Amino acid sequence: MRLKCPANFRIIRLPCTGKLDIIHILRAFEKGADGVYVVGCMEGDCHFNTGNFRARKRVEQAAKILDQIGVGGERVKMYNLSSGEGPLFAEYSIEMDKIIRELGPSPIGTALKKKANAA
Amino acid sequence: MIIAEKKPIEEIISTISGYKRLLILGCNECVTVCEAGGKKEVEVLASALRMHFIKEGKECEIDERTLERQCDHEYLEEIRDVVDQYDAILSLACGVGVQFAAEKYHSTPLLPGVNTVCLGANEQRGMWAERCQACGSCVLAATAGICPVSRCAKRVLNGPCGGSTNGKCEINKDLDCAWQLIIDRLKAMDKLDDYEKLATIKDWSSDRAGGPRKVVREDVQV
């Protein structure tokens, strides 16, 4: 399809978004990620029935924690699409890139870089 | 099981401020089942606190450990060789575990990471409700297996009271009247005659009114 999308995100594959845990999202931020988005199947289309619903709940929980510690819950999002929707995947990545650029770097990443430079 | 709920992160942050080395100690029993203080919750809390300290530019080393139980000597002993490395322990066990650890490690500050709520059951996914108040003298045989001590707001033993309307309690329209449940169940068991039997005055000395309780079983002591 040769779709254009930002090159600044890393794809981590899961067997199903139901495999996602809150700690996976938090660890990404702990390591300095500016944002995390989870892409699951369309709601109601999960092969395991509730995998993507569970993921959405976990994304919401992670967002709440990120808000509480001042990192910002808006840095984590959940999207749904079907596996045939390549253009939509590219669209979501562009949208997420835009959201994160508007928010600026994560305070964790900034603090980690500062610490590394000082060392 | 014992039901607990997580304390707000803001409260935990204010409790642990000033400590430089912290051990977050989870428990594999009740608090794991009610998703308040098991291994997963320890991981998530540790990660959140680490990020908080990085963001604030403060130094605090946070380690994670989850014990099989915190209400037993043998499992609490597992941290004896490392406990001196920490300024404080943040325990995600119930109030029993926190206190037992505090008794064992006398000079280490023990901080609670959860609020212990009640003895309850998992009614549905993400919902836990009280079923027992550990009154020390069980009346369930006479009340169709439904506890008026824990489930009736007034702990009425010959109910229902006048506040029962359409099977609901007057304190909350969503709360079942325990005595309505008892009568319904007696009916279902075809034992409604038992409802006519008056409960005598309950001995509350085995409840909290008699002070902290203790069970001593010489037959199993070694």
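Mentor: A definition to begin with: helices (H or I, at least four residues) and strands (E, at least two) are DSSP runs, numbered from the N terminus. Also, this is a predicted model, where local features need pLDDT of at least 70 and side-chain atom pairs count only at pLDDT 80 or more, while totals for chains, interfaces and linings use all residues. Residues are numbered from 1 along each chain as its sequence is written, chains are lettered from A and ligands numbered from 1 in the order in which they are written, and side-chain values use heavy atoms, leaving out hydrogens and water.

Trainee: Okay, what pattern does chain A follow along the sequence?
Mentor: Chain A reads α-β-α-β-α-α, which comes to four helices and two strands.

Trainee: Why is chain A called as compact as a globular protein of its length?
Mentor: Because its radius of gyration (taken over C-alpha atoms) is 15 Å, close to the 14 Å from the globule rule for 119 residues. That rule is 2.2 Å times the number of residues to the power 0.38.

Trainee: And what does the C-alpha trace of chain A span?
Mentor: About 50 × 30 × 20 Å along its principal axes.

Trainee: How much of chain A counts as buried?
Mentor: 39% of its 119 residues. Buried means under 20% relative accessible area, exposed over 50%, partly exposed in between (1.4 Å probe, protein chains only).

Trainee: Switching to chain B, how is it divided?
Mentor: Into domain 1 (2–118) and domain 2 (134–209), with bounds from an automatic or database domain assignment. The C-alpha centres of these two domains of chain B lie 38 Å apart.
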